[in-house]
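Please read each point with the model open.

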Amino acid sequence: MDLTGLFSKRCVLVTGKGGVGRSTVTAALALAAARRGRRVLVSEVGDEGQGHSPLARHFGRERLPEVRPAPLAPGVEAVELLARVGQELFLATVLHAATLAHAAMSSEALRRMVNAGPSFREMGVYFQLLTLLRARRPEGDPLHELILVDMPATGHTLSLTGLPELLLRLVPRGPIAEALREGQGYMNDPAQAAAWTVTLPETLPVSECLELLDGLRRTAMPAGGVFVNRIPRDPFTAAEREGLAALIARHRLLGAEGFHRLEGCACELRRLQAGTALPVIGLPELEGGPSLATDLSLALEGADPVEELLAVPRPARGAAPAAGSLLA
Amino acid sequence: MTSNAAHGPIAEILKNQRIVVCCGAGGVGKTTTSAALALAASRAGRRVLVLTIDPSRRLAETLGVSQNPPEPVAVSPERLAAAGIAPPGALDAWLLDAKLVADNAVRRLARGPEEAERFLSNRIYGQVSQMVAGMHEYTAMEALHRLLLEGRYDLVVLDTPPSRNALDFLEAPGRLSRLLDMKIFKAFLPKQGSLLTRAASALIHRVLASVFGGEFASEFVSFLASFAGLFTILNGDVASMRSFLSGSDAAFLLVCSPTPASLVEACFFQEKTRELSLPLRGFVLNRSRACVDGRLFPTEELLAQGAGPEARAGLAKLQQLATAELAAAERDRVLLADLRSRAGEGCFALAVPELPQGADDMRTLVAVADALLSGGVEKSP
């Protein structure tokens, strides 16, 4: 896959339902971008009191650094996006004084309000992301050329991408409005930002992926494409498949589950493709382990659009087998 | 259902508990597990409700109930009969979205329909009622409390909203109820209280005015204050619900998927429930590939006489898949054993196999229910 377009963005949101490998894909993208010399920042929307971070675990840590970005791997920095941090940053900006912001945040009433008040948490996260996008080196170029965000579950993702429009209807003027418009300048510009959705070649994940793409469209978030993760390697030629059909129908066999899964997988990929005009990229199923993110980052470079996986014509009887493709 | 199954840990819970809370990360099959548990309990003769917030459309289709009704809906006996079962108990489902839950709470708590209408048409409420952090959880907790008090159900199965933190649904209402405390809101209202409160209030107003601009700040504050006045009534309910959830009538289950990360999650969940003194009763390892009983290894002998070269080449590859399935089975057996030793006394760990998704999802649900019931029962070797 040509990753140049994806890596030329300032901000890429990695979205998708739980359990599809979103954190792994985020980590793999970060490693691949860093290999090409991009200054990368990875982040995730964190939660106060969260015990563990699946993203951090790919880099051998329990948690991502908080408040300030810190190096995580060669060429990769990381920071947790925390509502509280963003809220404090925002207050310091509008009150023109960090001490006043600190005093405000230690007011019990205000703290309770920003913890539970409508949209306050999303606003905090949004503002911290904006601050990271703004950050520049002394020479003037961005401190982090590419910011990758491992996004939360679907509902929370759409609360975040839909935040500017929602709040601007309520508060069209003032510092919040200005910050949101500046954020929109980055996030709603397809040249600078994109959401990539991770899914699996299975029924429920594909349906939810299509729903999420709809949601992103409604919130004006540019969608870059879809990664279909964990596509199993299909070793069978059409003739072999046919030759096995009778055997599999006759006995309850070990291996039959995997055999049928391959068929279901191709069917779901076609459904996904029919449901979106965006690029759909297939990623292989890899052995889990400490090097999973690195292995996937290497696989990303050679990953193919799904149409190439599906369009491989099934070889006629007797022709050379096309085994080895992901889905023949 | 085997006679053994009726004595498994799940059967015990479904027979004795009044509330079962299913927790777990997104994508582990929590909603399906919850629905299957409710189904199993109704087959054991109990009157059951499964309550799920933000469900996929699919569950509504499977159960044949509408989404977002004002009250729970019964799953029709015809639909159950079509899947080959006739539970002696009753099975209701309530599939809600957050906005509706909040609107319902406003209608119930307001002093009369006029006040309710004033809230529901407030422009701030309209925009943000879905975004008030903890609103889903808070109102779901209230709905749950009411349903249990009414005594319409012997058992309520709660499918918790997806979240990275499995217990967020318990912590979010706390955050919200701390906000909806009128004592705190006095600080937002000008010219009230002691000198100290007035000083705090001045600071807050300065902050809000700088953030929102003066005009919107006062609109916002008066909205939040009246909203708080409305919802503060619920605080008592949330508190008694919390104590109910720590009692002997409740059982918490963690649903997880067969990945090594599940073990970490289980540890975390166990610590968290201990901290909050919640009765953790078990781990459900979903989509386990551990069971290979009754399946044959695809050997040469099984091939029909005169099978062609393609079938023979295919067989070698099928054998590789079979070997991989055996390895996965072994991994999942080890994972289950690890979960079991983590579970310790008074807590179980059981595995539910991945079931093929047929055209008839209700049958799948019945199969999941059976698997849950028999999952904790040790097979004689």
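1. In this predicted model, helix H7 (residues 120-134) of chain A and helix H10 (residues 175-187) of chain A have axes that come within 10 Å and cross at roughly 60°. That angle makes H7(A) oblique to H10(A). The crossing of the pair is left-handed. On the H7(A) side the contact is made by A:Tyr126, A:Phe127, A:Leu130 and A:Leu133, and on the H10(A) side by A:Ala179, A:Glu182, A:Gly183 and A:Tyr186. Sorted by class, the contact of H7(A) with H10(A) has 6 nonpolar, 1 polar and 1 charged residues.

2. A helix pair in chain B meets at another angle, roughly 80°: helix H2 (residues 30-43) and helix H16 (residues 361-375), whose axes come within 8 Å. Angles of 65 to 115 degrees count as roughly perpendicular, and H2(B) and H16(B) are therefore roughly perpendicular to each other. H2(B) contributes B:Thr32, B:Thr33, B:Ala35, B:Ala36, B:Leu37, B:Leu39 and B:Ala40 to the contact, while H16(B) contributes B:Leu365, B:Val366, B:Val368, B:Ala369, B:Leu372 and B:Leu373. The residues of this contact between H2(B) and H16(B) are 11 nonpolar and 2 polar, with no charged ones.

3. Also in chain B, the axes of helix H14 (residues 261-275) and helix H15 (residues 309-343) come within 10 Å and cross at roughly 15°. Angles under 35 degrees count as roughly parallel, so H14(B) and H15(B) are roughly parallel to each other. H14(B) passes H15(B) in a right-handed crossing. From H14(B), B:Ser262, B:Leu263, B:Ala266, B:Cys267 and B:Gln270 meet B:Leu335, B:Asp338, B:Leu339 and B:Arg342 of H15(B). The residues of the contact of H14(B) with H15(B) comprise 5 nonpolar, 2 polar and 2 charged.

4. Which residues touch the most other members of the largest nonpolar core? They are A:Val12, A:Ala30, A:Val42, A:Leu148 and A:Val228, in a core of 106 residues. Setting aside neighbours within four places in sequence, A:Ala30 is in contact with A:Val40, A:Val42, A:Val76 and A:Leu148. Another core, of 79 residues, lies apart from the largest one, and its members include B:Val106, B:Ala251, B:Leu253 and B:Leu365. In soluble globular proteins, nonpolar side chains tend to be buried together.

5. Is A:Gly282 buried or exposed? A:Gly282 is found in strand S8 (residues 280-284) of chain A. With 25 C-beta neighbours inside 10 Å, A:Gly282 counts as buried, because the cut-off is 20 or more. The C-alpha atom of A:Gly282 is separated by 9.1 Å from that of A:Pro201, although these residues are 81 apart along the chain.

6. For chain A as a whole, there are 15 helices and 9 strands. The C-alpha trace of chain A spans about 80 × 40 × 35 Å along its principal axes. Of the 328 residues of chain A, 50% count as buried. Taking contacts in chain A between residues at least 6 apart in sequence, 73% join residues at least 24 apart.

7. Chain B has 16 helices and 8 strands. Of its 381 residues, 46% count as buried. Among contacts in chain B between residues at least 6 apart in sequence, the share joining residues at least 24 apart is 76%.

Terms used. Residues are numbered from 1 along each chain as its sequence is written. Chains are lettered from A and ligands numbered from 1 in the order in which they are written. This is a predicted model: local features need pLDDT of at least 70, side-chain atom pairs count only at pLDDT 80 or more; totals for chains, interfaces and linings use all residues. Axes are lines fitted to C-alpha atoms, for helices over the stretch in contact, and angles run from 0 to 180 degrees between N-to-C directions. Helices (H or I, at least four residues) and strands (E, at least two) are DSSP runs, numbered from the N terminus. Angles under 35 degrees count as roughly parallel, over 145 as roughly antiparallel, 65 to 115 as roughly perpendicular and the rest as oblique. A crossing is left-handed if the near helix is turned anticlockwise from the far one by less than a right angle, and right-handed if clockwise. Two residues are in contact if their C-beta atoms, placed from the backbone, lie within 7 Å. Ala, Val, Leu, Ile, Met, Phe, Trp, Tyr, Cys and Pro count as nonpolar, Asp, Glu, Lys and Arg as charged, and the others, Gly among them, as polar. A nonpolar core is a set of buried Ala, Val, Leu, Ile, Met, Phe, Trp, Tyr and Cys residues joined through C-beta atoms within 7 Å. A residue is buried if 20 or more other C-beta atoms lie within 10 Å of its own, exposed if 12 or fewer, and partly exposed in between; C-beta atoms are placed from the backbone.
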